Amino acid sequence: MKKYLDMLFKKIIGDKPYVDEEILLIKKALYDLNNARNNFNMVVGEDNVELAILELNAAEKRYRNLIKEAKSHQTRFGDLSGELYLE
């Protein structure tokens, strides 16, 4: 997955020497999503499972919204349709 993400971010930012704030938000959202998945896989107890599910749902929605926003900026990022997805 890391190889795919590296390819994806290279496609989004190209060879530009700077990293856009929007890209950093997407990377952080993906990091948070992976953390939420890990937390969900490690929780014990009914209450903790419920909280982990809420955390995971929120992280997934945030990530998807940021990806949708990036796709809408096709002039800035090029045509990304179909290349960004959640595994």
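**Figure 1. Asp 32, a partly exposed residue of a predicted model.** At 28% relative accessibility, Asp 32 counts as partly exposed, because its value lies between the 20% limit for buried and the 50% limit for exposed residues. The model shown here is predicted. Lys 28, with 47% relative accessibility, also falls in the partly exposed class.

**Figure 2. The salt bridge between Asp 32 and Lys 28.** The side chains of these two residues, Asp 32 and Lys 28, meet with an N to O distance of 2.9 Å. The structure holds 1 salt bridge. Both partners belong to helix H2 (residues 21-42), where a spacing of 4 residues puts about one helical turn between Asp 32 and Lys 28. In an α-helix there are 3.6 residues a turn, so residues three or four places apart point the same way.

**Figure 3. Helix H2 and its buried face.** The buried residues of H2 are Glu 22, Ile 23, Ile 26, Ala 29, Leu 30, Leu 33 and Ala 36. Viewed down the axis of H2, the buried residues lie within an arc of 140 degrees, so they line one face of the helix. The face turned away from this buried side carries the exposed residues Glu 21, Tyr 31 and Met 42.

**Figure 4. The length of helix H2.** H2 has 22 residues, and at 1.5 Å a residue the helix should span 32 Å. The C-alpha atoms at the ends of H2 are 31 Å apart, which agrees with that expectation.

Figure 5. The secondary structure of the chain consists of 4 helices and 0 strands, and the pattern along the sequence is α-α-α-α. Of the contacts in the protein chain with a separation of 6 or more, 61% are between residues 24 or more positions apart. Buried residues account for 29% of the 87 residues. The accessible surface of the protein chain is about 6200 Å², and carbon and sulfur atoms contribute 55% of this surface.

**Figure 6. Helices H3 and H4 and the stretch 79-87, by confidence.** The protein chain has a mean pLDDT of 77, with 61% of its residues at 70 or more. Confidence is highest in helix H3 (residues 46-72), with a mean of 92, and lowest in helix H4 (residues 74-77), with a mean of 50. Across residues 79-87 the pLDDT is below 50.

Key:
Residues are numbered from 1 along each chain as its sequence is written. This is a predicted model: local features need pLDDT of at least 70, side-chain atom pairs count only at pLDDT 80 or more; totals for chains, interfaces and linings use all residues. Side-chain values use heavy atoms; hydrogens and water are left out. A salt bridge is a side-chain nitrogen of Lys or Arg within 4 Å of a carboxyl oxygen of Asp or Glu. Helices (H or I, at least four residues) and strands (E, at least two) are DSSP runs, numbered from the N terminus. Buried means under 20% relative accessible area, exposed over 50%, partly exposed in between (1.4 Å probe, protein chains only). Contact means heavy atoms within 4.5 Å. Accessible areas come from the Shrake-Rupley method with a 1.4 Å probe; for residues, only the protein chains shown count as cover. The expected span of a helix is 1.5 Å times one less than its number of residues. The arc is that of the directions from the helix axis to the C-beta atoms. pLDDT is the predictor's confidence in each residue, from 0 to 100.
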